[in-house]
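Trainee: I would like to learn how to read the features of a structure. Please take them one at a time.

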Amino acid sequence: MNRLAAATAARGAATARRQRVTDLSAQGEPFLWALGGALAFGCVMIVGFLALVFWNGLVTFYPKPIAAVTLANGETIAGEPTRSERYKLSPELLAQLPPAAKAEVEADDGYAMRTLYRTGNFDIYNEDFRWVPAFNVAKVEYPTGIIFAERIEWGIFVGRIKALETGETRREAGSFTEAELRAAHEEARARWARIRHIEKNEIGAVNYRLDEERLRLRRVELSKGADSPAYAEAKARLEARQAELQARYDALATEAKALRAENEAQRIVLAEIGNQEKILPLSALVQFYEANDIGLFAKLGVYFSRWWKFLSDEPREANTEGGVLPAIFGTFAMTILLVVAVAPFGVVTALYLREYAKQGRMVAVVRISVNNLAGVPSIVYGVFGLGFFAYILGGSIDQLFFPERLPNPTFGTGGLLWASLTLALLTVPVVIVATEEALAAVPRSMREGSLACGASKWQTITRIVLPRAMPGIMTGIILAMARGAGEVAPLMLVGVVKLAPELPVDGFFPFIHLERSFMHLGFHIYDVGFQSRNSEAGKPMVFVTTMLLIGLIALMNASAILIRNRLRRKFAGSQF
Amino acid sequence: MPAQAATANGGTIYHLKKGEQGSALDISDFCLWYGSSQALFDVTMAVERGLVTALIGPSGCGKSTLLRSLNRMNDLIDGLVISGNVTLDNRNIYDPRTDVIALRKRMGMVFQKPNPFPMSIYENVIYPLRVDGVRDKGVLEETAERALKGAALWEEAKDRLHESALGLSGGQQQRLCIARAIAGDPEVLLMDEPCSALDPIATARIEELIDELSGHYSIVIVTHNMQQAARVSDNTAFMYLGRLIEYGDTDSIFTNPKTEKTQDYVTGRFG
């Protein structure tokens with residue numbers, strides 16, 4: 001009895017000593033803060049990245065004013081102020097400065113401000129951009145009448161319009177109105193577009209047909225021999241066609257030549273700020289505007305017309321000018337082909353692994369290998385794609401179906417098809433893993449219900465399991481698509497090129513040319529940013545192209561997610 | 001029909017009510033192992049054609065396993081070993097030459113939880129015909145109506161045949177599953193605790209339905225609810241630890257069981 005009382009008392013004391021307040025770590029508050037902080041940090045990074053890209057991308061095409069800067073030595077330069085920064089002068093440079101400037105720099109611990117001007121006129125100055133230190137500036141003005149012109153060649157021109165020449169007659173600036181100039185320019189541009197159309201499409205078509213005839217002859221030669229009657233017949237046919245096509249070519253060439261002569265006759269005389277003149281055909285100007293004179297609406301007009309040109313034109317000037325239409329199209333086509341290839345392949349593989357294969361060591365090894373594939377560097381896939389798809393598969397296809405074109409490869413080199421298949425291989429683990437998860441998540445009761453109705457396993461899979469797993473499978477495909485669309489390294493080996501103005505789609509049979517090399521926005525970013533002659537000129541284009549790539553991927557993902565959500569809604573209300 | 005005099009076979013006491021058309025399924029010396037653990041021991045019983053046979057017993061006694069052995073649903077489980085025979089029309093369903101899919105078409109099955117497919121009510125009901133490749137619209141519609149009427153769901157569902165089956169209540173879903181099970185016109189209906197996920201009102205409707213269906217189909221029902229077994233069945237089999245202890249007419253099992261185990265169980269002393 002006594003012992004019991006003592007034990008009770010001891011227990012009471014122990015209870016009293018036990019802490020009654022739950023401490024912070026037990027409540028989990030600090031961990032909650034850490035979790036929230038991690039999320040916030042991630043969000044800030046993503047938002048910051050997007051803000052940087054979008055801000056730089058969106059302002060690129062907005063016309064900036066042009067400053068005319070008079071330097072201390074009396075020289076004048078004109079250009080768009082691009083950015084300013086503080087920099088440290090080297091001692092040698094400092095020693096050479098005039099005393100006033102030297103004192104100014106020394107007062108600032110050897111630092112000075114400088115501004116980067118986009119001066120353009122690469123053909124005259126041999127540079128596009130110029131740094132101007134603040135101590136070197138005597139005067140900055142924004143004079144009227146200065147134009148900013150985009151040219152077909154040599155980049156931009158900053159200066160004034162001096163005169164307009166038509167044939168031998170020269171009209172000085174002031175003797176014609178701006179409307180007249182604009183009308184003449186539009187005419188010249190229309191002629192230029194016509195010349196391009198003739199050269200690219202019509203003469204292109206003639207060349208294509210000529211090539212086809214030649215290949216037909218070669219095919220006959222390969223199959224029947226060079227001294228067979230069939231060969232002689234084909235040769236006669238080729239000659240007849242050749243004459244006919246030659247006549248067509250000559251007509252087109254004459255038309256183009258006439259138009260070109262007309263364009264050559266219509267010239268504009270431009271002068272840069274130091275009055276050096278530059279005479280060029282009016283048609284060589286893509287677009288021009290008086291940077292310091294135009295109002296908000298005119299600026300917005302320039303802004304949107306630049307965007308339109310960017311989205312709908314082919315690249316010029318080593319990709320730093322012009323548009324990116326081939327790259328947009330290439331990225332889009334490649335991603336669609338990638339999905340077309342990866343979805344059935346991944347789903348079928350996962351179906352077999354999950355539904356049919358006997359779950360054992362072998363399947364475990366396969367599954368681990370598939371997961372490991374996702375960790376292989378993408379360039380390795382590029383090497384594999386080039387070696388296997390392009391050289392072995394493509395080479396065999398060429399041997400079998402296009403022997404007449406050899407040694408020129410048709411499928412035996414990088415191209416849209418091989419690039420898509422390489423990326424499909426790269427992203428297939430994502431689809432397999434997601435599909436397996438989705439299949440595993442289909443309730444057993446569904447399968448049993450179907451089997452009990454007398455459905456075979458295959459019927460159960462196709463009628464019950466797959467439709468129900470579809471949203472999960474779509475998630476996998478979306479992830480694969482996002483990964484594939486953003487991949488660049490392997491593409492450089494299997495078909496992406498710096499410039500491929502020919503779209504993989506045209507009017508010649510079979511209309512979609514999967515063997516053609518193509519352009520890609522991701523590679524375009526790399527090329528413009530790091531491979532162009534002037535990285536300063538490419539920099540804004542990097543942001544714009546990045547923005548475009550992000551937008552394109554977001555658009556494709558959004559449509560895939562929309563489809564998935566529709567599928568999911570179909571199965572909503574399920575009680576399992 | 002008078003109960004047969006009690007007989008014993010391998011420890012099982014039999015005194016079942018005989019149907020007029022003989023037996024639909026004959027189970028003889030049926031043993032089953034999940035890997036190395038034995039779940040059924042020498043079960044021998046005949047399911048009478050046109051009658052309702054209830055399987056009762058405490059959890060884990062093997063009654064669901066036995067039910068699922070009848071249409072070979074257990075085939076899905078890895079490491080399953082069986083011995084003994086289950087015959088349907090004098091053919092052993094465990095014969096390697098048996099077409100399992102054809103076999104399942106002769107046996108409808110209703111599960112513990114209602115499991116309608118994520119499709120319309122109509123598509124759910126005609127699913128057995130769809131997998132048979134029936135395309136004739138007239139046949140499909142006729143079957144759907146017949147099955148839904150058979151499952152007492154027609155009045156509630158006829159105006160929403162093409163809406164999702166997942167919008168039905170639990171009890172309606174279970175009746176839909178019964179409609180689906182009888183749409184293929186099976187001979188045997190296997191029910192695995194069909195009312196365990198339902199409320200009392202829905203349960204009462206399903207029980208009524210079982211009553212209506214008996215005679216037309218041979219029904220085997222697994223239940224935990226002894227009142228239910230007493231209400232709906234003609235014969236009741238009591239199983240315990242994988243063995244069939246007593247198999248007899250329902251009245252005797254509940255009022256005058258022949259073994260102490262059965263007595264203990266039906267009076268609620270254990271289980």
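Trainee: Which residue stands opposite Ala68(A) in β5(A)?

Mentor: Strands of a sheet pair through backbone hydrogen bonds, either parallel or antiparallel. Here, Ala68(A) stands opposite Glu141(A). Strand β1 of chain A, residues 67–71, runs antiparallel to β5(A) and is joined to it by four bridges. Two strands pair if DSSP finds at least two bridges between them. Strands (E, at least two residues) and helices (H or I, at least four) are DSSP runs, numbered from the N terminus.
This is a predicted model: local features need pLDDT of at least 70, side-chain atom pairs count only at pLDDT 80 or more, and totals for chains, interfaces and linings use all residues. Residues are numbered from 1 along each chain as its sequence is written, while chains are lettered from A and ligands numbered from 1 in the order in which they are written.

Trainee: What is the order of the strands in the open sheet of chain A?

Mentor: The five strands follow the order β4-β3-β2-β1-β5, with antiparallel pairing. β4 (129–133) and β5 (137–141) of chain A are at the edges with a single partner strand each, so one side of each lacks a neighbour in the sheet. From one strand to the next the twist averages 40 degrees.

Trainee: At what angle do the axes of α3 and α18 of chain A cross?

Mentor: Two packed helices are described by the angle between their axes and the distance between the axes. The axes of α3 (residues 29–59) and α18 (residues 535–570) of chain A cross at roughly 115 degrees and come within 8 Å. Axes are lines fitted to C-alpha atoms, for helices over the stretch in contact, and angles run from 0 to 180 degrees between N-to-C directions. The residues of the contact of α3(A) with α18(A) comprise seven nonpolar, three polar and no charged. Ala, Val, Leu, Ile, Met, Phe, Trp, Tyr, Cys and Pro count as nonpolar, Asp, Glu, Lys and Arg as charged, and the others, Gly among them, as polar.

Trainee: How many residues does each chain give to the contact of chains A and B?

Mentor: Chain B gives 19 residues and chain A gives 18 residues. Two residues are in contact if their C-beta atoms, placed from the backbone, lie within 7 Å. On the chain B side, α2 (100–105) and α4 (127–131) are the elements that give two or more residues. That side of chain B has ten nonpolar, five polar and four charged residues.
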